Amino acid sequence: MSLINIDNFNASDERRNSVDIDRGREYCRQLEQGKIFYFDHIPFNFPKEYLTFLLSRRQQNTRFHKNISFRPQTNLLRGFPASEKKDFARLQEIMQFYSGQVTKFLAAFLPPYAEKRLLDYASFRTIEENGRDLPLHKRNELLHVDAFPNRPTRGGRILRVFTNINPTKERVWQIGESFERLAEKYASDAGLNRIAVQSASTSGKIVRHTSRFLKKIGLPVADRSAYDHFMLRFHDYLKENTNYQKNGDKTRLEFPPNSTWLVFTDGVPHSVLSGQFALEQTFIIPFEALVSPEDSPARVLEKMCRKSLIAV
Ligand SMILES: [Fe+2]
């Protein structure tokens, strides 16, 4: 079973737990190997009035065009009308608080990552997932592994913490087989060897020189490793592959109201079938900080193509 149930863990101020370093390493290892950690409650401090405010967005759904995203480092909130000044500021404050609480929770639950994790974006998912009309590559109900076009990880991993804040409705996911099995079946067809060879060739060096030049003159550039190139392609390839979507292994998971779960979404194929109102915080765990690097998608893929995909 891919779900590991954690009872009685709470990092809130009133009931502050923390995991010892050995157990923390074991948890990190299990997560890196594709397990999902599940809590039937919110394991950090999140006041009721904040939940009430977030859920009051229900009546104003038509105003939202996408998920609300939040960048904790710069306090940047997107996807909510800035003209609604008072609510905008309140939402910013709540998202900042949420990010801080999840960060504290992560340090207490997974101490080996505490010093090294990079705080990425958070999101508030206000739209019912069932029946969303999105372009193919953005469709959430299709199984995929995550990769970010504008934030390459160079072998680092994407760890996400989700909380279903819907008071009455579960959030329904599907998960697929292990990354290793997925890669064995589909990575070649998705172009792994071509991408690995290209990056090792002269043209790859030219791309690297060009991106260094663009950076020098101050232009933003996503400094992607061959691994990042492949993972972006793999994300799209899986969503485009109707045979995989129809016949691939899948297990249905239902996350009830107020439950929280942690998962490396770059290694666990997943899709969202239904649910409304979820909070999510992303962390990047750099490759050097992994407890079990041999289980990482980067190493699994390197073993397959016998080429280095993340060397700088
Ligand atoms: Fe995803």
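This is a predicted model: local features need pLDDT of at least 70, side-chain atom pairs count only at pLDDT 80 or more; totals for chains, interfaces and linings use all residues.
Residues are numbered from 1 along each chain as its sequence is written.

Let's start with the sheet of 8 strands. It is open, with mixed pairing, and its order is β1-β2-β9-β6-β11-β5-β3-β4. Strands here are DSSP runs of E with at least two residues, helices are runs of H or I with at least four, and both are numbered from the N terminus. Two strands pair if DSSP finds at least two bridges between them. Which strands stand at the edges? They are β1 (3-5) and β4 (76-78); each has a single partner strand, so one side of each lacks a neighbour in the sheet. On average, neighbouring strands of this sheet are turned by 20° against each other, direction ignored; axes are lines fitted to C-alpha atoms, for helices over the stretch in contact, and angles run from 0 to 180 degrees between N-to-C directions.

Now have a look at β11 (278-285). It runs antiparallel to β6, joined by 8 bridges, and N164 has A278 of β11 as its bridge partner. With β5, β11 pairs in the antiparallel sense over 6 bridges, and there A122 stands opposite Q281. Since 6 of the 8 residues of β11 are buried, this strand is largely enclosed by the rest of the structure. Buried means that 20 or more other C-beta atoms, placed from the backbone, lie within 10 Å of a residue's own; 12 or fewer is exposed, and in between is partly exposed.

Helix α3 (residues 85-109) lies across β3, β4, β5, β6 and β11, at about 130° to β5. What does α3 bring to the largest nonpolar core? That core has 49 residues, and M95, Y98, F105, L106, W261 and L262 have the most contacts inside it; its largest share, 9 residues, comes from α3. A nonpolar core is a set of buried Ala, Val, Leu, Ile, Met, Phe, Trp, Tyr and Cys residues joined through C-beta atoms within 7 Å. Apart from this core lies another of 22 residues, among them L192, I195, F234 and A298.

Finally, the open sheet of 3 strands: its order is β8-β7-β10, with antiparallel pairing. Here β7 (residues 171-175) and β10 are joined by 4 bridges, and V172 stands opposite S274 in β10.

Technical notes:
Two residues are in contact if their C-beta atoms, placed from the backbone, lie within 7 Å.
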